Amino acid sequence: MAARVFRGTVGGDMDPFAAALEPPANESPAQRQARMVQERVAKQTSDDIDEQIGREKRDARRQGKPVKILLLGQSESGKSTTLKNFQLMCEPKAFRAERASWRAIIHLNVIRSIRIILDALAHAQINSSPIIPAFGDSPRSSYASGSISGSEGRNSYQSSINSRPDMDLMSLRARLVPLLALEDELTRQIANPDPDATQPETPSTARSLSPPSPFSGFRRRAGKEKEREVAVNLNSSKRTFFHSRNNTMSDRASLDTQHMVDWDDPNEPGALLHASSDDLQRLWAHPAVKEVLARRGLRLQEESGFFLDELKEVTAPRYVPTDEHILRARLKTLGVSEHRMRLNDPNGAITREFRIFDVGGQRSMVSVTSRLRLHSLPFPLIFGGASCLLNFPRPPRWVPYFDDMDAIIFLAPISAFDQALVEDRRVNRLADSLDLWAQVITHPLLAKTNIILFMNKIDLMQAKLAAGVRLADFYPAYGRRPNDFDSASKFLKKQFGAILKQKSPVPRIFYCHLTHVIEAKTTTLVLAGIKDMLMRSHLKESHLIL
Ligand SMILES: Nc1nc2c(ncn2[C@@H]2O[C@H](COP(=O)(O)OP(=O)(O)OP(=O)(O)O)[C@@H](O)[C@H]2O)c(=O)[nH]1
Ligand SMILES: [Mg+2]
């Protein structure tokens, strides 16, 4: 860079810097000419720098400080899916450029579902032979065969007692077991990306928090069935994974999934899944599989990352995920990640930076151990109402890092009213959501933050209530109210609203939306409304609008 030109004297003496720039005494006319040209160029450069600095300052003043949004909620509440919707809304090109990466995650989701089925079959075979009914032996139970165990599920369980082994099913199982090895390969790709990969900076890239958060160092975990899920810390592994293949930021938007998958490699996981596609479809269509799952209380269709109803599509050669598939793909978040994106104001006149923080919802992230016992009741899934929520002993440890947020979007998956936490089978998931909600709104450091509640997974809630699962069986305070979606959602909204009213240190508006964030269209509308609301309040703050 050219030196900037300064001349002058200090206190009457020649400034040493200026003295050094003085022309030599014996300068020839040609040298003088060259020096003057050089000085003119240097001055122009200096003026350009001043102009650029001024422009940046004006832009920064015009754009104001970034709008910060924190996503909170228990694990699997839909935080990362909400984030994906933001990305789809703001940066659809960049979102779609990552299809190849989501393809691997969707294949992993498929393998995980298959593992659950094969394990359940093995368990059934070991524990009570003969238990596998022959094709067509057992009466179909609509709900149990779909996903959910209930009284119909129990009927179906009884029917299987009179069943006999199914050799076809056993040979299917034997053929599919080797596919499980793909889980390791796909997990390795996702969790241990190429260490040499560059990590380009991008507005939508996940960034490390500053100051350093207490959450670093989480690793993926494996355990039993459900806990076997792959989890990735977006600050490290997934970021690298998502940008590991020759995609610098400049070409990322135009990146084509076609170039990121080696379609001709017969050992590519997608190719291997395709080779077993017929077997996979036959396995999932087999009535005995539904029987065995129902018998073990496994409701795969309600599980995150469920793609077995679309096996043909997701195992097709050259499969590239649709937006909808990406929204439904499941990758558990570990740690905290920050995502930056630029959004226009409602008139498109002013661009503002949004920073969205996605906090992994695993219990160790969002709460302290001492609160975990609040709902530990003798019967695993019943809880006693909101009164026991209000007495938690210590604040969540992440709070001090997020006391300057403009809004918290809190996700409560209301369909989970009949489920237990994976982390602690004695705790009802809806009770846990109410508990966490109480913690968040009560905290004095978050008192000035707008809180927006997403009562999420309403599609699953509707299906569950329609199938006869009774809210009152798990939430006794619901009493004799009708077991329909309208009544149940109004009731739950009041529960959340009452806690806010009673416990918020300052009066706050209760923003609440009924959502199913895997549905891009409606979620975009909700998010656009929130974006405009936040932007307007920001612009008002900056006196840019009245
Ligand atoms: N059916 C249905 N599925 C949903 C909905 N919202 C999210 N999901 C699915 O639920 C799963 C979990 O969602 P995530 O967004 O990963 O949950 P999360 O809150 O980020 O979970 P952690 O990362 O563990 O904290 C994903 O497979 C989503 O596609 C919804 O409204 N309806
Ligand atoms: Mg997540």
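**Figure 1. Threonine 333 carries a binding-site annotation in this predicted model.** The UniProt annotation "binding site", taken from an unreviewed entry, covers Thr333; UniProt positions are given in the numbering used here, feature names are shortened, and annotations may be inferred rather than shown by experiment. Threonine 333 lies in strand 6, where helices (H or I, at least four residues) and strands (E, at least two) are DSSP runs numbered from the N terminus. Threonine 333 counts as buried because it has 24 C-beta neighbours inside 10 Å. A residue is buried if 20 or more other C-beta atoms lie within 10 Å of its own, exposed if 12 or fewer, and partly exposed in between, with C-beta atoms placed from the backbone.

**Figure 2. The shell around ligand 1 comprises 25 residues.** The closest are Gly78, Ser304, Thr333, Gly361 and His516; a residue is near a molecule if its C-beta atom, placed from the backbone, lies within 6 Å of it. Two or more residues each come from helix 3 (79-90), helix 16 (323-328), strand 6 (332-334) and helix 19 (458-466). Helix 3 gives the most, with 3 residues.

**Figure 3. Composition and domain origin of the shell around ligand 1.** The shell residues divide into 14 polar, 7 charged and 4 nonpolar. Here Ala, Val, Leu, Ile, Met, Phe, Trp, Tyr, Cys and Pro count as nonpolar, Asp, Glu, Lys and Arg as charged, and the others, Gly among them, as polar. Domain 1 (67-98 + 333-536) and domain 2 (99-198 + 252-328) each supply at least three residues to the shell; the domain bounds come from an automatic or database domain assignment.

Figure 4. The mean pLDDT (the predictor's confidence in each residue, from 0 to 100) of the chain is 75, and 67% of its residues reach 70 or more. The model scores ipTM 0.99 and pTM 0.73.

**Note on numbering and thresholds.** Residues are numbered from 1 along each chain as its sequence is written, while chains are lettered from A and ligands numbered from 1 in the order in which they are written. In this predicted model, local features need pLDDT of at least 70, side-chain atom pairs count only at pLDDT 80 or more, and totals for chains, interfaces and linings use all residues.
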